[in-house]
Amino acid sequence: MDPGAPAALPPGGAQPNGRSAFSTDTIVAIATPPGKGAIAIVRLSGPAVPSLSQRLVRTNASMHPRVATRADVLDEGGRLLDRALAISFSAPHSYTGEAMLELQLHGSPVVAREVVRAALACGARLAQPGEFTRRAFLNGKLDLHAAVAVADLVGAETRAAAAAALANLGGGLAEEIRSLRAALASVVEELAGTIDFPEEVPEPGRDDLQRRLEPVVAGLERLRHDGELGRLVREGVAVAIVGPPNAGKSSLLNALLGFERAIVSEIPGTTRDAIEDAIIVDGVPVRLIDTAGIRAHADRLEAAGIERTQAALAAAGIALVVLDGSEPLRSDALDILERTAGRPRIVFFNKADLGTRAAGQIDEPAAIVGSVRRQGTLDELRAAIGRLGWSGERIDVSRPHLVALHEFDGVNAALGSLREARRALDDGEPIDFIATELHRAYSSLGHVSERVAGEEVIDGIFSRFCIGK
Ligand SMILES: Nc1nc2c(ncn2[C@@H]2O[C@H](COP(=O)(O)OP(=O)(O)OP(=O)(O)O)[C@@H](O)[C@H]2O)c(=O)[nH]1
Ligand SMILES: [Mg+2]
């Protein structure tokens with residue numbers, strides 16, 4: 001198949017042409033993380049699983065599909081490798097939709113490796129990253145959206161990220177998009193009637209059309225908004241802690257983390273390298289990057305640190321500018337304020353226990369005056385990060401939402417066309433122009449809800465998986 005050509009997939013079971021090479025191979029992989037554990041799981045999937053099971057698994061009782069059975073696991077020469085639990089799945093009632101065998105072994109890396117080696121010796125091949133889930137997708141067991149959710153769930157580092165992934169696992173997004181698309185289709189069909197038979201079919205009222213498009217736009221915006229929140233709980237936000245030397249940047253990092261991560265001293269220029277660690281605020285991972293204080297006349301080593309500060313600042317979503325608020329602002333403080341003007345930032349006047357001379361010097365109504373040594377100041381700073389990062393709203397991503405890039409692209413394109421159609425309706429433009437825009441929106445949504453995706457989209461999604469998933 002051409003790379004990039006859309007692969008239209010039938011709704012269930014059968015594979016499209018050109019994909020048959022996939023199911024002729026039987027794949028094997030260790031599904032559990034490397035190292036010792038209570039158990040290690042080896043999984044096999046593919047048409048040769050029944051014959052491989054006969055060689056590798058010996059049981060007293062007969063094996064029933066999806067029932068764990070006590071079994072001896074043998075190598076290709078019939079020698080005992082482990083006494084384990086074996087579960088067989090017959091096609092299509094398995095994760096991949098193919099015949100599968102799952103072996104729950106004693107958690108020794110050696111035993112797991114030996115079992116894989118034996119399976120390879122019997123004709124299986126090593127699975128590629130994500131190949132089990134890829135087969136599940138190709139066999140119609142889950143859609144691309146749910147496949148992304150599987151990778152997100154495995155990769156989730158916070159409870160909120162896990163909840164967001166779970167919301168998508170059921171695949172409800174396609175249903176929602178389909179119903180919005182159906183609403184759009186009814187408008188498009190009606191307009192087509194007017195365009196083709198202007199005498200017989202009267203043009204629908206423009207207000208009425210606006211009213212019918214409104215819920216479609218609102219529905220898509222909701223999916224996108226929740227998608228952005230989902231991205232936030234998955235990827236978090238980066239906050240660069242910047243400011244003049246000795247202002248208390250490293251003290252702030254340590255106070256927010258609750259442990260001494262960075263060296264703090266009264267000597268200006270203590271921090272040379274960017275130091276990063278994360279906290280969770282409202283379920284969102286916040287990456288804090290403590291940086292070298294910026295000042296002119298720095299020595300060579302310090303200058304190298306300052307260069308890293310600039311890079312951290314450029315990459316961060318939020319700049320947290322720490323200033324010594326007890327003294328009048330010096331030129332280095334004014335310089336960093338100028339560098340961060342016009343971007344999301346929090347200005348923090350530290351060392352209020354020593355005085356608050358600086359705060360009145362600049363016009364920054366949202367500035368926080370306090371001390372890293374006060375709990376209240378730390379709470380204020382966390383709240384300010386929430387306000388800038390996610391408008392302080394309560395993060396709830398328990399409904400299906402957009403996750404993959406192609407989903408955002410499709411919905412953004414559809415919203416663009418809908419906006420254009422609604423403007424044209426208001427401006428009294430011809431109905432066929434409006435119909436074209438609505439049709440465009442309809443097809444953009446097709447890329448999100450239907451089982452149609454370019455090879456590169458599919459490859460991109462499965463490249464994130466680990467081997468054995
Ligand atoms: N009194 C008082 N001292 C503080 C406060 N915050 C930090 N300090 C002190 O200020 C000095 C500098 O603190 P650091 O956290 O190392 O400052 P920094 O901004 O990281 O400095 P560089 O790494 O040199 O750029 C240390 O002696 C801290 O104990 C505060 O709120 N009140
Ligand atoms: Mg420091």
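Here are a few exercises with worked solutions on a predicted model. Residues are numbered from 1 along each chain as its sequence is written, and chains are lettered from A and ligands numbered from 1 in the order in which they are written. Because the model is predicted, local features need pLDDT of at least 70 and side-chain atom pairs count only at pLDDT 80 or more, while totals for chains, interfaces and linings use all residues.

**Exercise 1. Work out what surrounds ligand 1.**

Step 1: Count the shell. There are 23 residues around ligand 1, where a residue is near if its C-beta atom, placed from the backbone, lies within 6 Å. Gly248, Ser250, Thr271, Gly293 and Ser371 are the closest.

Step 2: Sort the shell by type. You get seven nonpolar, 11 polar and five charged residues. Here Ala, Val, Leu, Ile, Met, Phe, Trp, Tyr, Cys and Pro are nonpolar, Asp, Glu, Lys and Arg are charged, and the others, Gly among them, are polar.

Step 3: Find the main contributor. Helix H9 (residues 249-257) gives the largest share, three residues. Helices (H or I, at least four residues) and strands (E, at least two) are DSSP runs, numbered from the N terminus.

**Exercise 2. Decide whether H9 is largely enclosed or open.**

Step 1: Check burial. Eight of the nine H9 residues are buried, so the rest of the structure largely encloses this helix. Buried takes 20 or more other C-beta atoms within 10 Å of the residue's own, exposed 12 or fewer, and partly exposed is in between; C-beta atoms are placed from the backbone.

Step 2: Name the buried ones. They are Lys249, Ser250, Ser251, Leu252, Leu253, Asn254, Ala255 and Leu256.

Step 3: See what covers them. The cover includes strand S9 (237-242), strand S10 (275-281) and helix H12 (375-390), with contact meaning C-beta atoms, placed from the backbone, within 7 Å.

Step 4: Gly258 follows H9 and has a positive phi, near 85°.

Definitions and conventions: Contact = placed C-beta atoms within 7 Å.
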